[in-house]
Amino acid sequence: ATFATLIDQRAKKGDLRGAEELHREAVEAGVGRNAYQIASLIDAAAKAGDLASAERWFKKADVAGLRCVNHMFGAVLNAAAKAGDIAAAERWAKKAADSGVQLNKFMISSVVSAACKAGNISKAEAWLEKAMKANGNLD
C-alpha cells in the first residue's frame with residue numbers, strides 16, 4: 001500500500017494523529033508533498049472535529065503551492081460545522097468563493113450546520129435563503 005492510501009484509511013477513521021504520523025514518515029521517505037495526502041489530513045482533522053488542524057493543513061497546502069480543491073474547502077467547512085464555529089464557517093465559505101470555488105450543497109450545509117450548532121437560527125435561515133437564490137435545489 002502507498003502512504004497516500006494508508007493516510008486516507010486513517011483519515012476515514014478520524015485518526016488525525018495516526019494520519020499525521022504516516023505523513024511525517026512519507027515526508028522522510030521523500031513522498032509526502034502531494035495534494036491527495038494533504039486533503040486526507042484535512043479530512044482526518046474534520047472528522048476529529050479539529051478545526052485548528054484542518055486550517056493548519058489547508059494553509060500548508062496553500063503555502064506549498066498545492067492546488068486547493070473544492071474537497072479541501074469542504075472538509076474545512078465540515079470541521080467548522082462540527083465545532084459550531086459560524087464565524088470560521090463563513091470565513092471559509094468566503095475564502096472558497098473568492099478562490100473561484102462554487103459553493104455546493106455540502107459546503108452550504110456545513111455553514112448552516114455551524115450556525116445551528118452555535119444557536120444562530122437566523123444566520124442558518126439566511127444561508128439557506130442565499131443558497132436557494134443562488135443554486136435553486138438543495139435536496
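A nonpolar core, as I use the term in this notebook, is a set of buried Ala, Val, Leu, Ile, Met, Phe, Trp, Tyr and Cys residues that are joined through side-chain atoms within 4.5 Å. I note at the outset that the model I am reading is a predicted one.

**Entry 1: the core**

I looked up the largest nonpolar core and found that it holds 44 residues, of which I38, I42, F58, M72 and F73 touch the most other members. I then checked which helices take part, and I found that α1 (3–12), α2 (16–28), α3, α4, α5, α6 (86–98), α7 (105–117) and α8 (121–135) each supply at least two residues of this core. Helix α5 gives the most to the core, with 8 residues.

**Entry 2: the overall fold**

I counted the elements next, and the protein has 8 helices and 0 strands, which read along the sequence as the pattern α-α-α-α-α-α-α-α. The radius of gyration is 15 Å, close to the 14 Å that the globule rule gives for 139 residues, so the protein is as compact as a globular protein of that length. Along the principal axes, the C-alpha atoms fill a box of roughly 50 × 25 × 25 Å.

I also looked up how much of the chain is covered, and 42% of the 139 residues count as buried. The protein exposes about 7,300 Å², and carbon and sulfur atoms supply 52% of that area. When I turned to contacts with a separation of 6 or more, I found that residues 24 or more positions apart account for 62% of them.

**Entry 3: aromatic rings**

How many aromatic pairs are there? The count comes to 3. One that I examined is formed by F58 and F73, whose rings are tilted, with 4.8 Å from centre to centre and 55° between the planes. This pair links distant parts of the chain, since F58 lies in helix α4 (residues 51–63) and F73 in helix α5 (residues 70–83), 15 residues apart.

Are F58 and F73 buried or exposed? Residues under 20% relative accessible area count as buried, and F58 is buried because its value is 1%, while F73 is buried because its value is 2%. I also noted that ring pairs link F58, F73 and W92 into a cluster.

**Entry 4: lysines over tryptophans**

I searched for charges over rings and found K60 lying over the face of W57, at 4.6 Å from the ring centre. I found K130 over the face of W127 as well, at 4.3 Å from the ring centre.

For each residue here I left aside the neighbours within four places in sequence.

I started with I42, one of the core residues that touch the most other members, and its contacts are A54, W57, F58, M72, A75 and V76.

Which residues is S40 in contact with? They are I7, D8 and A11.

N78 has its place in helix α5, and this asparagine touches A46, F106 and S110.

Technical notes. Residues are numbered from 1 along each chain as its sequence is written. This is a predicted model: local features need pLDDT of at least 70, side-chain atom pairs count only at pLDDT 80 or more; totals for chains, interfaces and linings use all residues. Side-chain values use heavy atoms; hydrogens and water are left out. Rings of Phe, Tyr and Trp (its six-membered ring) pair if their centres lie within 6.5 Å; planes under 30 degrees apart count as stacked, over 60 as edge-to-face and the rest as tilted. Helices (H or I, at least four residues) and strands (E, at least two) are DSSP runs, numbered from the N terminus. Buried means under 20% relative accessible area, exposed over 50%, partly exposed in between (1.4 Å probe, protein chains only). A charge sits over a ring if NZ of Lys or CZ of Arg is within 6 Å of the ring centre and within 35 degrees of the ring normal. The radius of gyration is taken over C-alpha atoms; the globule rule is 2.2 Å times the number of residues to the power 0.38. Contact means heavy atoms within 4.5 Å. Accessible areas come from the Shrake-Rupley method with a 1.4 Å probe; for residues, only the protein chains shown count as cover.
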